[in-house]
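Work through the exercises below with the sequence and the model open. Try each task before reading its solution.

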Amino acid sequence: MRTAAAFVIIRFATTTTSFSPRHILQFTRRHYSQTLPTFSMTKRVLVPIADDCEDIETTCITDTLVRFGAEVVIASVKPGGELVCKMARGVKIVADIPIDQAEGQDWDLIAVPGGMPGAEHLRDNGTLISMLKKQKDAGKLYGAICASPAVVLASHDLVGAGATCFPAEGLRSKMAAPVDERVVVQGNCVTSQGPGTALAFGVKLGEILYGEEKAKSVAGALLI
């Protein structure tokens, strides 16, 4: 999972080399409990990934929602429980869990990055599609960006007319009456266009989960 605690571990571990891992763990727990705020409204967010997903979208969704205070869990859809995914531009991301371990858990949001052919890998994963359908039917929040509104959502009747996606005809043709908007909210489904709108997408998802005032604070810190 991606939480504030993870960043404390990274900072401390990279600046202190004379302590054993046990000392680092003990210090991190004390330091985290003493210095970081407790999020009373923590939301659980799942970000599914595959090889060749879009680098910027994956990292923007994850980073932005952590800034809101969400517990963000990245799940790999690769076969055999493989966690390391190589993104479309070469960034390697180590997922927290395989997608099968995410099934059966409660998620306040499932946010799907785009990229090709990563979106096709996500589309073809039965576990993820089942989870998205349950999320939709339960009225819980889910979203997709770039190629994924067309390739993942539209392919499985998970998005209605008037959504948005990456503005390429081959993708738009898969959707009903797509619109040229950066971010579109339709009930519990949110769609967005691509890498350049990924921050706006993340902030909008955070706003729905945490409210307008929190979104203004996060957006201001990001210089949006």
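**Exercise 1: two helix pairs**

The axes of H9 and helix H10 (residues 212–221) cross at roughly 145° and come within 7 Å. Axes are lines fitted to C-alpha atoms, for helices over the stretch in contact, and angles run from 0 to 180 degrees between N-to-C directions. Helices (H or I, at least four residues) and strands (E, at least two) are DSSP runs, numbered from the N terminus. This is a predicted model: local features need pLDDT of at least 70, side-chain atom pairs count only at pLDDT 80 or more, and totals for chains, interfaces and linings use all residues. Residues are numbered from 1 along each chain as its sequence is written, and side-chain values use heavy atoms, with hydrogens and water left out.

Task: find which residues of H9 and H10 meet, and classify them.

Solution. 
- Step 1. Val-203, Glu-207 and Tyr-210 of H9 are in contact (heavy atoms within 4.5 Å) with Glu-212, Lys-214, Ala-215 and Ala-219 of H10.
- Step 2. The residues of this contact of H9 with H10 divide into four nonpolar, no polar and three charged. Here Ala, Val, Leu, Ile, Met, Phe, Trp, Tyr, Cys and Pro count as nonpolar, Asp, Glu, Lys and Arg as charged, and the others, Gly among them, as polar.

Task: at what angle do the axes of H3 and H9 cross?

Solution. 
- Step 1. The axes of H3 and H9 cross at roughly 35° and come within 8 Å.
- Step 2. H3 contributes Ile-56, Cys-60 and Phe-68, among others, while the H9 side includes Leu-199, Phe-201 and Tyr-210.
- Step 3. The contact of H3 with H9 counts eleven nonpolar, three polar and two charged residues.

**Exercise 2: the faces of H10**

Task: which residues of H10 are buried, and where do they point?

Solution. 
- Step 1. Buried means under 20% relative accessible area, exposed over 50%, partly exposed in between (1.4 Å probe, protein chains only).
- Step 2. The buried residues of H10 are Ala-215, Val-218 and Ala-219.
- Step 3. Seen down the axis of H10, these buried residues fall within an arc of 100°, so they line one face of the helix. The arc is that of the directions from the helix axis to the C-beta atoms.
- Step 4. They pack against helix H3 (55–68) and H9.
- Step 5. Glu-213 and Ala-221, on the other side of H10, are exposed.
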